[in-house]
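Student: I would like to learn how to read a model like this one. Can we take it feature by feature?

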Amino acid sequence: MSLTAQPPDGAGAATDPADPADGDRPTDAAQAAMRDRIAADSLTTRRDYLRIVATVSGGLAVGGIGVASGILHRHGDSDDGAPEPKKVADQLLPGDSIAFRYPDEEDRAVAIRLQDGTLAGYSAVCTHLACAVLWRSDRGSEGELYCPCHEGVFDARTGEVTAGPPPRALPKVLLVEEADGSVWAVGTTRSGESVQEGLCRQLGEDRPGLAERLGCPGTGGSAAERTRRT
């Protein structure tokens with residue numbers, strides 16, 4: 001057979017890729033099915049992701065509305081009188097902090113000792129969307145109280161907002177130190193309320209003598225008279 005001669009019909013013919021009888025067709029079909037499954041899985045994953053994001057975002061929005069409207073509990077909002085004193089720590093050294101619950105178990109709080117020895121206590125619930133507030137002793141000259149959810153920052157000495165979206169200062173937890181070095185929580189304030197205002201509100205009629213010594217409004221007598229009596 002010459003070099004230009006054609007082979008007999010069917011001998012050595014190239015396989016037609018479109019031929020249904022092609023031996024590679026099952027492989028192609030399997031690959032196509034695999035691609036379809038991957039595409040379907042990817043679509044399901046994207047749908048699940050979007051559903052999760054929508055759920056979380058909706059929850060944060062509802063939480064924010066609840067906090068803003070007063071539906072959800074806020075630290076220090078109770079009108080049940082002055083809470084009972086609670087021991088927080090046997091000792092708290094400069095730069096240290098301790099997390100605790102006060103006045104009730106749902107009220108997260110934090111006590112910190114600044115480098116100059118000052119004790120400070122605050123609600124550990126951010127006033128933005130109620131995320132947990134953390135103490136970071138290595139930030140700034142005195143440390144800071146930080147909410148990682150939306151980068152909220154509060155002043156360690158006053159509880160006032162210094163950065164981020166929180167709309168109000170942190171409510172204070174009033175701390176006292178006993179002679180043995182133990183630290184006790186003895187009361188709370190609402191956001192923006194002074195220590196005296198918080199104590200006077202909570203003492204109310206429960207401890208009128210102490211309220212008078214503190215100079216609470218409505219206890220009678222001038223400041224000088226109250227000072228002489230004490």
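Student: Let us begin with helix H2 (residues 195-203). Which of the residues of H2 are buried?

Tutor: First the general idea. An α-helix has 3.6 residues a turn, so residues three or four places apart point the same way. Buried means under 20% relative accessible area, exposed means over 50%, and partly exposed is in between (1.4 Å probe, protein chains only). In H2 the buried residues are Gly198, Leu199, Cys200, Gln202 and Leu203. They pack against E9, strand E10 (183-188) and helix H3 (208-213). Contact here means heavy atoms within 4.5 Å.

Student: What should I know about the model itself?

Tutor: It is a predicted model: local features need pLDDT of at least 70, side-chain atom pairs count only at pLDDT 80 or more, and totals for chains, interfaces and linings use all residues. Residues are numbered from 1 along each chain as its sequence is written, and side-chain values use heavy atoms, with hydrogens and water left out.

Student: How many helices and strands are in the protein?

Tutor: Helices (H or I, at least four residues) and strands (E, at least two) are DSSP runs, numbered from the N terminus. The protein has 4 helices and 10 strands. Along the sequence the pattern reads α-β-β-β-β-β-β-β-β-β-β-α-α-α. Of the 230 residues, 30% are buried. Among contacts with a separation of 6 or more, 39% join residues 24 or more positions apart.

Student: Which residues of the largest nonpolar core touch the most other members?

Tutor: A nonpolar core is a set of buried Ala, Val, Leu, Ile, Met, Phe, Trp, Tyr and Cys residues joined through side-chain atoms within 4.5 Å. The largest one here holds 15 residues, and Ile112, Tyr122, Val133 and Leu145 touch the most other members. Strand E3 (108-113), E4 and strand E6 (144-147) each give two or more residues to this core. A second, separate core has 11 residues, including Val88, Ala109, Ala111 and Val173.

Student: What is leucine 145 in contact with?

Tutor: Leave aside its neighbours within four places in sequence. The contacts of leucine 145 then include Val110, Tyr122, Val133, Trp135, Phe154 and Leu170.

Student: Next, pockets. Which residues line the second largest pocket?

Tutor: Rolling a probe the size of a water molecule over the atoms shows where empty space is left. On a 1 Å grid over the protein atoms alone, a pocket is an open set of points where a 1.4 Å probe fits, with protein on both sides within 12 Å along at least five of seven lines; lining residues have an atom within 4 Å of a point. The second largest pocket is lined by Leu119, Ala120, Gly121, Tyr122, Arg157, Lys172, Val173, Leu174, Leu175 and Val195. Strand E4 (119-123) and strand E9 (173-177) each give two or more residues to that lining. The largest share, 4 residues, comes from E4. The volume of this pocket is about 150 Å³.

Student: How many residues of that lining are nonpolar, polar and charged?

Tutor: Ala, Val, Leu, Ile, Met, Phe, Trp, Tyr, Cys and Pro count as nonpolar, Asp, Glu, Lys and Arg as charged, and the others, Gly among them, as polar. The lining divides into 7 nonpolar, 1 polar and 2 charged.

Student: What about backbone angles?

Tutor: Most residues other than glycine have a negative phi, and most peptide bonds are trans. Alanine 130 has a positive phi of about 65°. It lies in the loop between E4 and strand E5 (134-136). Glutamate 151 also has a positive phi of about 65°, and sits in the loop between E6 and strand E7 (152-155). Alanine 130 is partly exposed at 32% relative accessible area, and glutamate 151 is partly exposed at 49%.

Student: Which residues does the cis peptide bond join?

Tutor: Tyrosine 102 and proline 103, with omega about 0°. Proline 103 is in the loop between strand E2 (97-101) and E3.

Notes: Points joined across faces, edges and corners; volume = space filled by probe spheres on them.
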